[in-house]
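Please look over the notes below on the charged side-chain pairs. They are arranged as numbered points.

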Amino acid sequence: MSYEGPSTDQDELIILVTGFGEFQNIKINPSWEIVSKLPPTINFKGINIRIVTQTEPLKAAYHQLLDVAPKLLDQFTPDIVLHIGLAVERDYFAIEKGADRDGYQQYPDVARKVFTKAETKKHWGKSPARINSTLNFEDVHSKWTVQVGKSADIRLSDDVGSYVCGFLYYTSLEYLWKIGRPEIPVVFMHVPALSGKSDLEKGEEVTLALIRAMAQSCRS
């Protein structure tokens, strides 16, 4: 299967949303808790937004992500991609501007493996050292802020890191770049350590607000 391109229906947007499963000492990952509760469709300002997700959380393992991310892009041919992951040390929500190709040999994943420098050269040796999302971040953040108000701390960031979050982000960006579809917006959102029903409900609300903001920005 190959990537056939996003929806041609001007009134519909397909947004692929992913979340991670457990890693390190995190048994319940809020990113997947949020993703698993998202509705399949929403309508915002005349835009029909279809939210598609994988059936289970992504495993925080480099080699599996390298295999799975392109398959999800081919399967769903989304207009927008939103990857969500946990930033344990943060107390705010943030969308990351891009990801680096190198550095994933530093921290072992849940399978106790790294992505070596040799593997990086083999798979991405001719790919850019850095790929930024084509999302209009300033516009999206402005629209996102209008919806969220003061109910949550939402920020722009450029620190996706060199663990599985950055790896997944770069994998999706690089795949779309490689197949000639770099204009498809891919974004990574870090969420704080949410726990309990009210925190997770807030996370879902913030995520839906971001989805609406991205859809509005991409259709304006």
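1. Lys37 and Glu33 are joined by a salt bridge, with 3.4 Å between the closest N and O atoms. A salt bridge here is a side-chain nitrogen of Lys or Arg within 4 Å of a carboxyl oxygen of Asp or Glu. Lys37 is partly exposed because its relative accessibility is 45%, and Glu33 is partly exposed at 23%. The classes rest on relative accessible area: buried is under 20%, exposed is over 50%, and partly exposed lies in between (1.4 Å probe, protein chains only).

2. This is a predicted model, in which local features need pLDDT of at least 70 and side-chain atom pairs count only at pLDDT 80 or more, while totals for chains, interfaces and linings use all residues. Residues are numbered from 1 along each chain as its sequence is written, and side-chain values use heavy atoms, with hydrogens and water left out.

3. The structure contains 13 salt bridges. Side chains of opposite charge can pair when their charged atoms come close.

4. Arg50 and Glu12 form a salt bridge through their side chains (3.7 Å, N to O). This pair links distant parts of the chain, 38 residues apart: Arg50 is in strand E3 (residues 47-53) and Glu12 in strand E1 (residues 12-19). Strands (E, at least two residues) are DSSP runs, numbered from the N terminus. Arg50 has 34% relative accessibility and therefore counts as partly exposed; Glu12, at 22%, also counts as partly exposed.

5. Are Glu96 and Arg90 buried or exposed? Both residues are buried. They form a salt bridge, the closest N and O atoms being 2.9 Å apart. A network of salt bridges links Glu89, Arg90, Glu96 and Asp159.

Notes
Helix = DSSP H or I, 4+ residues; strand = E, 2+ residues; numbered from the N terminus.
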